[in-house]
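Please consider the following structure. The paragraphs below lead through a selection of its helices, residues and contacts.

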Amino acid sequence: MSTAPLLDVRDLEQRYTLPRESVFRPPGQVRALNGVSVQVRAGKSLGIVGESGSGKSTFARVVMALERPTAGQVALLGRDLNRLPADELRRARRDFQMVFQDPYGSLDPRQTIARIVAEPLTVLEGADRTTFRDRVAAVLRQVGLRDADMEKYPHEFSGGQRQRIAIARALITQPKLIVADEPVSALDVSVQAQVLNLMQDLQEQFGLSYILISHDLAVVDYLCDEVAVMYLGRIVEQGRPEDLFERCAHPYTRALLEAVPRARAGGGRRRRGAQAIASHSAVTTGCPYASRCPLGDQHCREVPPELRKVGEGHLAACHKAEAVMALPQAAMEG
Amino acid sequence: MAECSNMPLIVVDNLGVRLNTSRGPAQAVRGVSFALTRGETLGLVGESGCGKSVTALSLMGLLPDSAVVTGSVKLDGDELVGLADSDYCRLRGNRISMIFQEPMTALNPMHTIGNQVAEPLRRHKSYSAAQARREAIALLDRVGLPDPARRVDAYPHQFSGGQRQRVTIAMALACEPDLLIADEPTTALDVTIQGQILDLIADLVEERGMSMILISHDLGVIAENVQRMMVMYGGTVVESGPTDEVFRRMGHPYTQGLFRARPKLGARKGTRLRTISGTVPELADLPSGCTFSDRCPLVIDQCRAALPPMVDVGPGHFARCIRTDVSMAERVGALTA
């Protein structure tokens, strides 16, 4: 970490208040983010994995400054996004853009591709729209579409092409960071591969950083330099993909890895133990994963584990990280 | 039922479905044939628009009225194609049932889950309300819903996605069907929940001696959950065979392409995914001849002349390709056996 990171997130907390159920009791709270700290360096990518409800999408929304966090700070290029005046924040958005999951819902069906892709520029620069045409054409070519596509409407494109349009819209401001929330999960397998390859090419070409949010471990493994595993609003393990996937140190990461179906002959059923469903609102004293963890004991239920170093650039929040790392690891696919 | 255990339960012969789409009539399914005996499991794999869901819906008799179905579907020897709607109503949810992809929309938000699970029992088995309720609680318990006696009167929005999928499974199983069709039952769920749901379905299929058709776009889910599989593309079956056999040695360039295009765990950053060029064609404008010819790396002129026949490429293993000599020389799939 010799140079300053592109994105510096410190102790991020986000709480949502639930509807009040009784006039005599304070309303309940959901702790969607519970002290998340990460850094992303320029040109590098961070993957965030976890189940639904783990806080991945809340994290994305807070990093994109679409929501104000309850506590903590998000600094991009040294500027705290939550302290910027609205006007400056809008201009700062040039540096960070987002690609959403659903390419059908994220493009306005009544606008032409040219307008959709140029929209960030019209907001930022307010110049005459005709001057943007060259830039729109250039960015469409970069994502593998044609100039002629500018006059078309979203319904004329397939899912994969729409996701390319969404990426073009994010790229046109020449951002330094793109936050992509499940960018390929709505796409067919053959098209998913095309979009992932495109994202990798664009990163090499422009030195972009990605924050890639996905439930698919293989997608994150393919595109990211570092991976953070989230569970109930906390990072429970973080490190390079090879560390996480070959020497995982948290039982939750292990459970996620084991649950991935493997495409190979003689697969057969691998039985998995039933797991209790965890709750957000309950405030537990110990490790939040203890109730689901096969290794959990009294100590785990009483003392919350700190995120600590278990290897070079490899962090895990588990009292028994060493024991987990010593277990035989789940087999990889070829 | 024991005396007919070696007879196929369902025989599908040369099934064809023509749908009226906004772009004109489209042949969504062409020449699909298979047979399934009791207790057998079959997987259907393919991308969106390949015809796998339309095949399933035609077995359920749930296609729109404008659809034209040709060929034959026989359940225990009785023809289902052209069956009157009132007769189909006696089969659906009784002898054939289906689990849908979206547990959020497959349940009616206005009715308690108990009533929804009890509905097929009251309808098909004429159970009394009290009897059906008791049975519904037992079913909800069997599918692993915690505290079913108390939660039977809860509404769908009070459950998580995985729990809702358990409720739809309980509904599908209520009348102990002979054939269960599961259309992407876990696509909307997390991986850990996906594992639990697939385990549950596998247990129930075994326990009740049902046949199952599992539809998925995920080769991993298919590899782990069914005995036989069919790969569909552009409305036709392009490869079929025992699951192990297909994964050991894939015959069709499309199956191989799907397999190679998956991002794999443990493949390092910087390795490129091998894509299939182009996009999934619209059913209304499929190429003539082999449906995959426009995207196939091995295409020759002959491929575009006529739809290739199914070629025998191994024990019980067929591929609809005239170039299997070239495609199978690469032994795709073998390395991960």
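In this predicted model, helix 7 and helix 8 of chain B pack with their axes 10 Å apart, at an angle of about 15°. Helix 7 of chain B is therefore roughly parallel to helix 8 of chain B, since angles under 35 degrees count as roughly parallel. The crossing of these two helices of chain B is right-handed. On the side of helix 7 of chain B, the contact is made by Gly162(B), Gln165(B), Ile169(B) and Leu173(B). Helix 8 of chain B contributes Ile193(B), Gln196(B), Ile197(B), Leu200(B), Ile201(B) and Leu204(B). Sorted by class, the contact of helix 7 with helix 8 of chain B holds seven nonpolar and three polar residues, and no charged ones.

Helix 7 of chain B itself covers residues 161-173.

The surroundings of helix 7 of chain B come next. This helix is mostly covered, with twelve of its 13 residues buried. Among the buried residues of helix 7 of chain B are Arg164(B), Arg166(B), Val167(B), Thr168(B), Ala170(B) and Met171(B). The buried residues of this helix pack against several elements of chain B, including helix 4 (113-125), helix 5 (129-142) and helix 8 (191-208). Strand 6 (96-99) and strand 7 (179-183) of chain B are also among these packing partners.

Gly162(B) is found in helix 7 of chain B. Is Gly162(B) buried or exposed? Gly162(B) has 22 other C-beta atoms within 10 Å, and it is therefore buried, the threshold being 20 or more. Leaving out residues up to four places away in sequence, Gly162(B) touches Leu189(B), Ile193(B), Gln196(B) and Ile197(B). The C-alpha atoms of Gly162(B) and Thr186(B) are separated by 8.5 Å, although these residues stand 24 residues apart along the chain.

The second residue, Ile99(B), belongs to strand 6 of chain B. Ile99(B) counts as buried because it has 24 C-beta neighbours inside 10 Å. Neighbours within four places in sequence aside, Ile99(B) is in contact with Thr168(B), Ile169(B) and Ala172(B), and also with Ala182(B), Asp183(B) and Pro185(B). Between Ile99(B) and Val167(B) there are 68 residues of separation along the chain, and their C-alpha atoms are 10.0 Å apart.

The axes of helix 5 (residues 159-171) and helix 6 of chain A come within 9 Å and cross at roughly 20°. That angle makes helix 5 of chain A roughly parallel to helix 6 of chain A, and their crossing is right-handed. Gly159(A), Gly160(A), Gln163(A), Arg164(A), Ile167(A) and Leu171(A) of helix 5 of chain A meet Val191(A), Gln194(A), Val195(A), Leu198(A) and Leu202(A) of helix 6 of chain A. The residues of this contact divide into six nonpolar, four polar and one charged.

Attention now turns to the interface between the chains. Here 44 residues of chain A are in contact with 42 residues of chain B. Helix 6 (189-206), helix 7 (217-223), helix 8 (241-246) and helix 9 (251-259) of chain A each give two or more residues to the side that touches chain B. The largest share of that side, seven residues, comes from helix 6 of chain A. By class, the residues on the side of chain A that touches chain B are 22 nonpolar, twelve polar and ten charged.

Two backbone angles complete the account. Most residues other than glycine have a negative phi. Ala65(A), however, has a positive phi near 55°, and its place is in the loop between helix 1 (56-63) and strand 4 (71-76) of chain A. Ala65(A) is partly exposed, with 18 other C-beta atoms within 10 Å. In chain B, Asp76(B) has a positive phi of about 50°; Asp76(B) lies in the loop between strand 4 (68-75) and strand 5 (78-79) of chain B. With 14 C-beta neighbours inside 10 Å, Asp76(B) counts as partly exposed.

How values were computed:
Residues numbered from 1 in each chain as written. Chains lettered and ligands numbered in written order. Predicted model: local features only at pLDDT ≥ 70, side-chain atom pairs only at ≥ 80, totals over all residues. Helix = DSSP H or I, 4+ residues; strand = E, 2+ residues; numbered from the N terminus. Expected span 1.5 Å × (residues − 1). Contact = placed C-beta atoms within 7 Å. Axes fitted to C-alpha atoms, helices over the stretch in contact; angles between N-to-C directions. Parallel < 35°, antiparallel > 145°, perpendicular 65-115°, else oblique. Left-handed = near helix turned anticlockwise from the far one by under 90°. Nonpolar A, V, L, I, M, F, W, Y, C, P; charged D, E, K, R; others polar.
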